[in-house]
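Morning, everyone. Please have a look at the model on the screen before we start.

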Amino acid sequence: MRYKKQMFGTNGVRGVVGEMMTPTLVLKIGAALGSMRKGTIAVGRDTRTSGEALAHALKAGLLMTGCSVVDMGILPTPALQYIIKADDRFAGGAMITASHNPPEYNGVKVIEADGTEMADDEIIKLENRFFADEFDAVAWDGVGRETAAPERIEEYIQAIVRHFPAGIGEGMTVVVDPGSGPAALTTPAILERMGCRVHTINARIDGTFPGRLPEPTPEGLQPLSEMVIATGAAFGVAHDGDADRAVFVDNKGRYIEENYEFGLIEDYVCRRNPGGLVVTPVATSRLIQDIAGKHGCTVDYTPVGSIYVARRMIELIGQGERVSFGGEGNGGLIYPDHQFCRDGGMTAAMMVAVLADHSGKDLSDLADALPVYHLIKEKYPAPDPGALVSVIEEAFSGETIERIDGIKIIRDDAWALVRESGTEPMIRIMIESGDPGIADGMYREIMRVIGQT
Ligand code: MG
């Protein structure tokens, strides 16, 4: 299922601005993309200080290969994806963003005409053109034209609001923390139009990220928690730097771990669409399986990475399967009735629907009612990580093992996932059980095998 990419990771290409990430690099990505997808390309960016410069470079590359460019300005990645999907005129798109990475980073996510992120096999073709300088530059009379359409962000806001009964959020106070990112332009508007009373924090777009870093961590969301308590809000919602993810604090100001967030929303979505498949990577909590089972749904596992989840959902639907829901255990959730990519604005809106559906119950009650799982997450250095994964696989070969991404050893009361790190000479170990003692025991078993090598 996995191919070897050289420059792009699971969610685009990223690097430190002025070091790896330069206008020259982005110009060549634009030229490579333009050579592959002739037509009109939609371009957007998050709020990073380097966004404007890199967007100009990207557009130059596209225009010189004869593509026309529509610049959507600053907007969330899922907003750009929605606009591209909804308008047949677009042959594709590109988003200048480094998602949750610190302010000094930036990058490019390449979007297909159907609004999904470009798949590995096409990314490899794009990389090949990039490295070979193989661009279809046009002559003076073929150069593309650029227009701007920042107002089209409104289509995304409306698409989400339309999804829910009018006034569903009435009587609900919520706090939104877009982290100075592009969700400042969308999530408060979405929740307000659903009827919520909306307070905001870090809601002025600012590429220096003065309030908190683009990654929404429990520490960084402390001010959000305090504001939720001070305003008596039903919940607080925060986004990462390009708002394809959303994370929550409950009415007591407590951070909701993202697997539990997935479970809470899955329960709502699957109740309305029972008996289908829920698609998620092998690293997601067993909680997702428990909740799927409650609604007659089955979990279909993919390699780690949202693009594999989105592609698998599309593939399954193409095979005539019913797909109820999908997502990752990091606050990146995918709604097949809306679009096949993670959508933080839609996730914020869904939480309003979840609470409206359980009138009289607080989010803290709903979160506390979920089964508790204990997760151990470790890294272990290995000069040959692939060989070490094989040794562990051999040691546990008498058990149920899934090989979707690395190896997953599955027991009735626990599972362990052992994978090669894509970036360092390490293996990553994840173990989950409802019983912390059992999780610990399984971890020790794996460490004993490693100790014998
Ligand atoms: Mg992101």
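I'll go through a sheet, a metal site and some salt bridges.

First, the ground rules. This is a predicted model, where local features need pLDDT of at least 70, side-chain atom pairs count only at pLDDT 80 or more, and totals for chains, interfaces and linings use all residues. Residues are numbered from 1 along each chain as its sequence is written, and side-chain values use heavy atoms, with hydrogens and water left out.

Now the sheet. Helices (H or I, at least four residues) and strands (E, at least two) are DSSP runs, numbered from the N terminus. Two strands pair if DSSP finds at least two bridges between them. What is the order of the six strands in the open sheet? Reading across, the order is E1-E5-E4-E2-E3-E6, and the pairing is mixed. Strand E1 (13–16) and strand E6 (146–148) stand at the edges with a single partner strand each, so one side of each has no neighbour in the sheet. From one strand to the next, the twist averages 20 degrees.

Look at one pair. Strand E4 (residues 90–96) runs antiparallel to strand E5 (residues 105–112), over five bridges. Ala 94 stands opposite Val 110 in E5.

Helices lie across these strands. Contact here means heavy atoms within 4.5 Å. Axes are lines fitted to C-alpha atoms, for helices over the stretch in contact, and angles run from 0 to 180 degrees between N-to-C directions. Helix H2 (residues 51–64) lies across E2, E3, E4, E5 and E6, at about 170 degrees to E2. Helix H3 (residues 77–86) lies across E2, E3, E4 and E5, at about 170 degrees to E4.

Next, the metal. Which residues coordinate the magnesium ion? They are Ser 99 (OG), Asp 240 (OD), Asp 242 (OD) and Asp 244 (OD), at 2.0 to 2.2 Å. Donors are N, O and S atoms within 2.8 Å of the metal (3.2 Å for Na, K and Ca); water is not among the atoms, so sites may look incomplete. Along the chain, the donor spacing is S-x140-D-x1-D-x1-D. Ser 99 sits in the loop between E4 and E5, and Asp 244 in the loop between strand E9 (235–239) and strand E10 (246–249), so this pair ties together parts 145 residues apart in sequence. Are Ser 99 and Asp 244 buried or exposed? Both are buried. Buried means under 20% relative accessible area, exposed over 50%, and partly exposed in between (1.4 Å probe, protein chains only).

Last, charges. Side chains of opposite charge can pair when their charged atoms come close. A salt bridge is a side-chain nitrogen of Lys or Arg within 4 Å of a carboxyl oxygen of Asp or Glu. The whole structure has 35 salt bridges.

Take helix H8 (residues 258–272). Asp 267 and Arg 271 both lie in H8, four residues apart, about one turn of the helix. Their side chains form a salt bridge at 2.8 Å, N to O. Asp 267 is buried at 11% relative accessible area, while Arg 271 is partly exposed at 35%.

Another salt bridge joins Lys 379 and Glu 424 (3.3 Å, N to O). That pair links distant parts of the chain, 45 residues apart: Lys 379 is in strand E17 (residues 374–381), and Glu 424 is in the loop between strand E20 (414–420) and strand E21 (426–433).

One network to finish. Salt bridges link Lys 109, Asp 242, Asp 244, Glu 328 and Arg 342. Asp 242 and Asp 244 also coordinate the magnesium ion.
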